[in-house]
Amino acid sequence: MTPGDVVEILSGDHVGHLGVVLDLHPNGLVGVACGTGTAGRDDTHYVIRARERFGLRMGLPKDTYFYQSRGIAWAKPDQFKSTERTAPPDVVRELRKLHGLV
Amino acid sequence: MAHALPFSVLAFTNATRSSPLLRALHSVALAVPLANKTAFSTVRTHSEALVRDIRTATDDNDLRQALDVAVDGDDFIKGAVALAEIGRSRTARLLVWLMRHTRGDAFAPGGRGLRPRARARVEAGNRLFAVAAASVRKFSAPPGAESISVDEQIVRQAVRELVGPTVPLSVAELGTRGLRGLVAFWVVNELAYVPVREVPLWLEEALSQHFEDGAYALLRILASTPQIVVSEEEVPLADRLDLEHLDEETRQARDRFRATAPQTIGGG
């Protein structure tokens, strides 16, 4: 698992959602930016449209919103399922910016 | 601290410097040694696939996404590796090492067949790349730099590392723009062989703009690297990055980010 991988979240509050790996903690945990299909929250966010090229590349089933407030899911690697897809470089950069990884 | 940068681009610079990329593919293929014919064929195949895909872009946003997706896609990476095979030499290996450990350089083909504004941008981008190439050639690499191998995995990894959490975001942004510019360069040169009526003017101009922007982005990274000399005339001080300061900022940001992780393993 490396930064930029698109994963399905298998546990915790975001179970079933797709996310993007942003960091691997030295303690063994993986930090994943969580996406959601829920639009309209009054919060800083980054959206990827399912039918645009980024969404198609990442295999998103619907428009996916990454909210700053939803934060990062930290968990062991086995709590994430690989989708065998990766986020384009621009998406990784935007998510890093959203979550203060500048 | 050195950053991993888009060396996939540099992997084929040596080939393109001596024989402009697509012109070479169109005209030199029959003359190359047998061993290189497979590589030429591979480049040709991936080049055509890239062009087919990017020509379908419908507007500026779609084009930017298409270029970004192409940057670490199979066609660009496999094509770049094949070009590196063609251009395997001391210089090519040195350039690849530089991309892994410091900054890069590039090539200078023409844009024959392009319309005036696009052609002017491609020529401007070529000039910037020539400046970059000249500055990299003066760089004296440490021992071991020339023995690096270029394969698909290592190129792919380097592109991924470019936006990884250890690379300052501003460096990652310039590097990504540089890579997008190189894909755009590849495609716009191919379009120079397509009848004008089949290529929308906006697409040709946007691709050439991406190329020129990308060339300057890569030159800015080079100019910001202590061991590489680029004149202030080419890159003013205001456009250079303070890499040491950015590295420290990124390290601190990463520490803050990691502090949000649970202390006990198993949290979700």
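How many bridges join strand 2 of chain A to strand 3 of chain A? There are 5, and the two strands run antiparallel. The model is predicted: local features need pLDDT of at least 70, side-chain atom pairs count only at pLDDT 80 or more, and totals for chains, interfaces and linings use all residues. Residues are numbered from 1 along each chain as its sequence is written, with chains lettered from A and ligands numbered from 1 in the order in which they are written.

Strand 3 covers residues 30-34 of chain A. In this strand, A:G31 stands opposite A:D23. Strands (E, at least two residues) and helices (H or I, at least four) are DSSP runs, numbered from the N terminus. Two strands pair if DSSP finds at least two bridges between them. In chain A, 5 strands form an open antiparallel sheet in the order 6-3-2-1-7. Strand 6 and strand 7 (80-86) stand at the edges with a single partner each, so one side of each lacks a neighbour in the sheet.

Chain A contributes 35 residues to the contact with chain B, and chain B contributes 30. Residues are in contact if their C-beta atoms, placed from the backbone, lie within 7 Å. Helix 2 of chain A supplies the largest share of the chain A side, 6 residues. That side has 13 nonpolar, 13 polar and 9 charged residues. Here Ala, Val, Leu, Ile, Met, Phe, Trp, Tyr, Cys and Pro count as nonpolar, Asp, Glu, Lys and Arg as charged, and the others, Gly among them, as polar.

Notes
Contact = placed C-beta atoms within 7 Å.
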